[in-house]
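My entries follow in the order of looking.

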Amino acid sequence: MPELQRLRVEHAAAVLDFELANRAYFAASIPDRGDAFFTQFTDRFHALLAEQDAGVCAFHVLVAEDGSVLGRFNLVDIEDGSAHLGYRVAQLVAGQGVATATVRKLCGWAATEHGLRTLRAAVAHHNTASRKVLIKAGFVPAGPADPDDLSGETGTWYERDLSL
């Protein structure tokens, strides 16, 4: 059974494998990270761990029994009881309820482990799958998301009150 784990240094190789194996799949629904992401991966990964240690973000990976990464689930810009949620799951498990179940679990952790009261997530208009995940996980539309919020695309902000 896959396990949601807080990102640690020993996840680096599996995270890189996950990103490389799913690059084309992700690019079909969200902007590609670009070649620089992969060539500078080690430095970027350690920068993420530093942000996590500083308490401004909380990064998580969904790890399969064989140690491979099936998804990334992140709480970023943690401030004043709220954070932004970002996530991506491997093509191998897409459409199986994995993202919805893990987002629900992370919502619980966000409240109990991080003391958050609200989560927000921006979704591009064309990203139907991500919008469905958020709605099933209890998020509601909260207004328009600008291109600055979505790497040049337009969309909608979704929000979940964690006290409910």
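The model is predicted, so I read local features only at pLDDT of at least 70 and side-chain atom pairs only at pLDDT 80 or more, while totals for chains, interfaces and linings use all residues. Residues are numbered from 1 along each chain as its sequence is written, and side-chain values use heavy atoms, with hydrogens and water left out.

I located E51 in helix α4 (residues 41-54). Helices (H or I, at least four residues) and strands (E, at least two) are DSSP runs numbered from the N terminus. Is E51 buried, partly exposed or exposed? E51 counts as partly exposed because its relative accessibility is 34%; the classes are buried under 20%, exposed over 50% and partly exposed in between (1.4 Å probe, protein chains only). I found D80 in the loop between β3 (69-79) and β4. D80 is exposed, with a relative accessible area of 68%.

I placed S151 in the loop between β6 (140-145) and β7 (155-161). S151 counts as exposed at 59% relative accessibility.

How many salt bridges does a search of the whole structure find? I got six, taking a salt bridge as a side-chain nitrogen of Lys or Arg within 4 Å of a carboxyl oxygen of Asp or Glu.

E10 pairs with R8, and their closest N and O atoms are 2.5 Å apart. E10 is exposed at 53% relative accessibility, and R8 is partly exposed at 37%.

R23 pairs with D35, with 2.9 Å between the closest N and O atoms. This pair links distant parts of the chain, R23 in helix α2 (residues 23-27) and D35 in helix α3 (residues 35-39), twelve residues apart. I read R23 as partly exposed at 24% and D35 as exposed at 53%.

E159 and R120 meet through their side chains in a salt bridge of 3.1 Å, N to O. This pair also links distant parts of the chain: E159 is in strand β7 and R120 in strand β5 (residues 118-124), 39 residues apart. E159 is partly exposed at 30%, and R120 is partly exposed at 22%.

Which residues are linked in a network of salt bridges? I listed E19, R33, R72 and R88. I traced R88 to strand β4 (residues 82-89). R88 is buried, with a relative accessible area of 12%. A polar contact of 3.0 Å joins its side chain to that of E19. For a polar contact I required a pair of N or O atoms within 3.5 Å; within protein, one must be able to donate a hydrogen and the other to accept it, and residues adjacent in sequence count only if both atoms are side-chain atoms.
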